Each structure stands twice: as structure tokens, then as C-alpha cells.
Amino acid sequence: MWLTGRLAPDHKTIADFRKDNGRAIRQVCARFVVLCRTMGLLGQASVAIDGSKFKAVNNRDKNFTHAKMARRLAQIEESVVRYLQQLDSADRQGPSEALDTKTTRLKEKIAKLKEEMQRLHALEARMLATADQQISLTDPDARSMATSGRGSGVVGYNVQTAVDTKHHLIVTHEVTNVGTDRSQLASVARQTQATLEVTSLDVVADRGYFSSEEILACEEAGITVTLPKPMTSNSKAEGRFGKQDFRYLAEEDVYACPAGERLTYHFTNEEHGLVLRRYWTNACQSCAIKHGCTTGKERRITRWEHEHILEAVQRRLDQHPEKMRQRRETVEHPFGTIKARMGATHFLMKTLPRVAAEMALHVLAYNLTRVMNIMGVQPLMAAMKA
């Protein structure tokens, strides 16, 4: 303060710098990761990938989905009906000054509610014209997303990170407004592979990333994935045998069922872009344990043409169950630190490109402090100068 004669940038100067230099901030963030690799801090080609929801500037009341819009319109209609009933009741009473005041107030409320209905109908038309039938009024790119808390949600962004398993440095990050992680795995893994400049990469993720197409894309890129498969079938929940209870015999191309019968291949078809092979046996009708297997005529098993890749993923998980604990310890540490530094409001900027620049600034700050803690300030400065 003494050196500059009390000259200091005001909040607008700092905010404008962040707003006007988004591209440069993202480049500096990427260059620092390259510096970490040069210093040997990213020697292991092993990362954990996860996503977390970050709140946007947009308030929940300023975001509308089809369900939210229907609920809001229903609430307004109920209020209008209630006020009209109160007006009818007032009309049946004798005239008085207090009653006139009440009637005027009720009419004003009804007029305001009708204006609000007109506004919502106009918003609904705009909302239905969007690809995901959702609209945010403050930050147009923010989206309503479900969070891990039951019945809770947030209007914001889904931030994807790939974190180094040894030093917990963020290798790659990406800000998206897609509410689920299901389609993110291959993209983030390939970016990480390019950043580390490696031909093979070990990735561990949670069950939210499980997607046959994404796992296949990783396999084709030389990326080894370990993640659990979500239980989507009702069979186990209802006390019946699941697909995992049927053993595939590759040399015979048949499935062995819990009763010892062979389910043979019958035909191939395509569903949602996946080539699927169908297996069943006619022995189900006379099977003693059919009630614990299927409620249909026979039990049918579906096998994807690249099912062996999914089976390899499951084998890796069975052999190394500790990787799920490693994932939690690795990837939840950076998210917790960054959110604590951001405070309750999380993002301060609007629209996806600016939010991405803001996130790059947070990732850069996180990585800087991590490296300072790992090797100290002076060695880091020396490496930067070099």
C-alpha cells in the first residue's frame, strides 16, 4: 500500500480482468499442469474421474422445467379460485367501508395473479422451444440438476475433473451443463490422456459413469477403466436370479444357468445403436426353480457384441475392490477444497464460457497451493523461471 501510494484496483477492475481474460486464464491453468508434468509430479498415468454440481448465479425460482411450470400454474389457479370465492362471500354481505377495502384488495390480487399467469405462459412457449425444455432467466446456460440428497437439486453446472491418484493434482477439468455423468467418461479420459501425453491410462470412476458405449470408446483409446456396474434390473430386488448368476461359456457361446441348463444363442438384433445377441432355453417350463428366475415363459439373456469388455471391467473391480476407496480419497478432496474456498454462492459469473474461465481460475489456485504444499514455494518459483 505504501509503495503504490494507496493506489488499489477496485472490485470492478478485478471483475473485468477475470471477464475479459477468460481464454488466457484457461491457457495459464493448462500450462501449469504441463509444468507439473515436467517437474515429475504427474509421473503415474493413473487418475480418478468424478463430477460435482456447482451452484450458478441463477436462483431456483428463476429456473423453469416442464414440471416446475405445471406446479406453479396450478398454484396460481388455486389462489385465483380461492380469491374469487372470498369475493362471492363478500358480495353476499351488507355493504361497509371495510368490506369495500377488502374487495378492492382481492381484485388487485386476482389481477396480479392473472398477469403472472400470462407471463408464465409466455415463458412456457420459450421453454418448449429449447432442446431440453428448460429455461433459466438469470444465467441462460445454467440448468436444474439433481444432487445426491434425496429430493434435492441445484440450478448450476456439472464440473468434471480428472485427479492424479498420487498427488491429488487436477489434470483435466471441464464445465458442462449436462446434469448426469453418464456421457462424460470417454471425453474427460481422452483429454487427460492428451494432457499427460501417454498412450495408456488407468481410470477409476463411480457407477454414475457406467455406459457401454463410453467404456468401449475408452478401451479403443487404450484407456483401462475400473468402475462398478449399477443394478438396473428388478430381478435381484424382487428376489430372483440376476444376469450375474448366469455364467457365459465362450468356447460354446452359451450361458449356464443356476439350474445347470444351457441357454443357447437364437438371434441378433439392434436396440439404441447396440448390437445384442439373445439366449434362452426351452427347459425353463419344467424347471423346479423357475419361480426364482423369471415370471415369463422362459428366461432370456441379452449379450452385447462387446460384452467381454464389460466383463473385463468387472474382473478388475473384483480383483481390486480397494480402488473404489482410492477414488473417494482422491477426487473428493479437490472438490471439497474448491467449494470451501468459493463459499456458499459458488460461481459468480454467468454463461458457460465465463463460468469455465472462473472454474479454470479456481483449479489453477488449487493446483498452485497443492504444489506449494508438496515441494515448497522456492523450488516451484525456480521451476517456473526455468
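## Two helix pairs

Let's start with helix α8 (residues 322-342) and helix α9 (residues 352-375): their axes come within 10 Å and cross at roughly 115°. Here an axis is a line fitted to C-alpha atoms, for helices over the stretch in contact, and angles run from 0 to 180 degrees between N-to-C directions. That angle is why α8 and α9 count as roughly perpendicular to each other (under 35 degrees is roughly parallel, over 145 roughly antiparallel, 65 to 115 roughly perpendicular, and the rest oblique). The crossing of α8 and α9 is right-handed; in a right-handed crossing the near helix is turned clockwise from the far one by less than a right angle, and in a left-handed one anticlockwise.

Now for helix α3 (residues 66-91) and helix α4 (residues 97-128), with axes that come within 10 Å and cross at roughly 160°. So α3 and α4 are roughly antiparallel to each other, and their crossing is left-handed. The contact of α3 with α4 is made by 17 nonpolar, five polar and six charged residues (Ala, Val, Leu, Ile, Met, Phe, Trp, Tyr, Cys and Pro count as nonpolar, Asp, Glu, Lys and Arg as charged, and the others, Gly among them, as polar).

## What you're looking at

This is a predicted model, where local features need pLDDT of at least 70, side-chain atom pairs count only at pLDDT 80 or more, and totals for chains, interfaces and linings use all residues. Residues are numbered from 1 along each chain as its sequence is written, and side-chain values use heavy atoms, leaving out hydrogens and water.

The chain has 10 helices and 13 strands (DSSP runs numbered from the N terminus: H or I of at least four residues for helices, E of at least two for strands).

## The largest pocket

The largest pocket holds about 1200 Å³ of space. A pocket is an open set of points on a 1 Å grid over the protein atoms alone, with protein on both sides within 12 Å along at least five of seven lines, and lining residues have an atom within 4 Å of a point. Grid points are joined across faces, edges and corners, and a volume is the space filled by probe spheres set on the points.

Of the 34 residues lining the largest pocket, F210, K229, K243, E307 and L310 are the closest to its centre. Helix α7 gives the most to this lining, with seven residues. By class, the lining of the largest pocket has 12 nonpolar, nine polar and 13 charged residues.

Definitions and conventions. 1 Å grid on protein atoms, 1.4 Å probe; cavity = no way out; pocket = protein on both sides within 12 Å on 5 of 7 lines; lining within 4 Å.
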